[in-house]
Amino acid sequence: VIPMSQVADPTFSQEILGKGVAVIPSEGRIVAPASGEVVVMFETKHAVSIKADNGAELIVHIGLDTVNLKGKYFEAHVKQGDRVQVGDLLITADLEQIRTAGYDVVTPVIVCNTPDFPDMVCSTGMVVKAGDPVISL
């Protein structure tokens, strides 16, 4: 887990969409970081938005500029309106093919309504497994 400031894209590194952390994935299984409802499963399957039960509006964005792949190498396992629990499989991504196509696979996890959570703490610099908490609100 790295700080958002280390992501090589100003939209994320300058926290334009909100505060959060970025995960350098070791496998292509992207799981729900919180329990809630899938608000948007992007058509290109490179990102998903979840409204968490605690009110946090989250985006999990797999890779940088991966929207340009137009869904290639991604498979969605949920759709808009689905209810998810922490750790549920959201998307699988062929990280090796994405890297081979020239894309960085760093995966920002963003709280878009950051101002609603003034006590938010982001934990970085550690190795985590799916479901480990990295943001506390």
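Cys-122 has a relative accessible area of 31%, so it counts as partly exposed. The model is a predicted one. Cys-122 takes part in no disulfide. The nearest cysteine sulfur belongs to Cys-112 and lies 13 Å away. A disulfide is a covalent bond between the sulfur atoms of two cysteines. Here the cut-off for the sulfur pair is 2.5 Å. By that rule, the structure has zero disulfides.

Now take Cys-112. This cysteine is in no disulfide either, and its nearest cysteine sulfur is that of Cys-122, 13 Å away. The relative accessible area of Cys-112 is 28%, so this residue is partly exposed.

Next comes Thr-114. This residue sits in the loop between strand 10, residues 107–111, and strand 11, residues 121–122. Is Thr-114 buried or exposed? Its relative accessibility is 12%, so Thr-114 counts as buried. The cut-off for buried is under 20%. The Thr-114 side chain reaches the backbone oxygen of Val-111 at 2.5 Å. Beyond its neighbours within four places in sequence, Thr-114 contacts Gly-18, Lys-19 and Met-120.

At 31% relative accessibility, Val-40 is partly exposed. Together with Val-39 and Phe-42, Val-40 makes a nonpolar surface patch of about 190 Å². Patch residues need over 30% relative accessible area, so Val-40 qualifies at 31%.

Key
Residues are numbered from 1 along each chain as its sequence is written. This is a predicted model: local features need pLDDT of at least 70, side-chain atom pairs count only at pLDDT 80 or more; totals for chains, interfaces and linings use all residues. Side-chain values use heavy atoms; hydrogens and water are left out. Helices (H or I, at least four residues) and strands (E, at least two) are DSSP runs, numbered from the N terminus. Buried means under 20% relative accessible area, exposed over 50%, partly exposed in between (1.4 Å probe, protein chains only). A polar contact is a pair of N or O atoms within 3.5 Å; within protein, one must be able to donate a hydrogen and the other to accept it, and residues adjacent in sequence count only if both atoms are side-chain atoms. Contact means heavy atoms within 4.5 Å. Patches are made of residues with over 30% relative accessible area and no salt bridge: like charges are joined within 9 Å, nonpolar side chains (Val, Leu, Ile, Met, Phe, Trp, Tyr) within 5 Å. Accessible areas come from the Shrake-Rupley method with a 1.4 Å probe; for residues, only the protein chains shown count as cover. A salt bridge is a side-chain nitrogen of Lys or Arg within 4 Å of a carboxyl oxygen of Asp or Glu.
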